[in-house]
Amino acid sequence: MRQNCSLFSMAEENHQLKIDLISNEIREIAYKGQQATIYQIGDEVEVASQVLGFIGSYLHATILYPVGALHYKVQYKTLVTDDETAPLQETVRVSEVRPVPPTLPPARSMVTYAIVDVYDKEAWWFGVITGEDEENYHVYFPTTGEHVAYSTDKLRFHQEWSNGQWIFPSLGRTDFL
């Protein structure tokens, strides 16, 4: 019996170590700027928030126009002004903007330790799957410290824009697309 407890403890420690390593990678990606890309008026993009409490989230927006060489004026798809009468417009740094990632086929199954985005609170939030049950995947968000269960329809595999193509963190691969 003691050996079983020891094996369980080792498995739990190994699980936590994997989550910690992936969490460090997520934090590193979330705090870095996006790769500079030139966008046209009307382009659909995602804005990687650098606002405390929202770091690790991506908000869908449209490019309205460039503001000098280092900023864009964007209009968010899901955020509204304080008086809720119009879509929110904001000036953001070029380093906060990336293209909208391609949609992957829904047949792909999620697995423990997959780095994912979860759609919640009007944005895509960057996290790691820590487990699953019959109906939900359990996701840990390193930038907020939250651990929440979500259904598959709220998840997508996280992708990073690098050198003009989409890659999956940790894997550095593009052959999934």
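What share of the contacts in the protein with a separation of 6 or more comes from residues 24 or more positions apart? After that, please take the hairpin of E8 and E9.

Modeller: Residues 24 or more positions apart supply 48% of those contacts, a contact being heavy atoms within 4.5 Å. This is a predicted model, in which local features need pLDDT of at least 70 and side-chain atom pairs count only at pLDDT 80 or more, while totals for chains, interfaces and linings use all residues. Residues are numbered from 1 along each chain as its sequence is written, and side-chain values use heavy atoms, leaving out hydrogens and water.

Of the 177 residues, 38% are buried, that is, under 20% relative accessible area with a 1.4 Å probe, counting protein chains only.

Now the hairpin. Strand E8 (residues 137-141) and strand E9 (residues 146-150) run antiparallel and are joined by five bridges; strands pair if DSSP finds at least two bridges between them. Four residues lie between the two strands, and Gly 145 takes a positive phi near 80°. In a regular strand, side chains alternate between the two faces of the sheet.

Notes: Buried means under 20% relative accessible area, exposed over 50%, partly exposed in between (1.4 Å probe, protein chains only).
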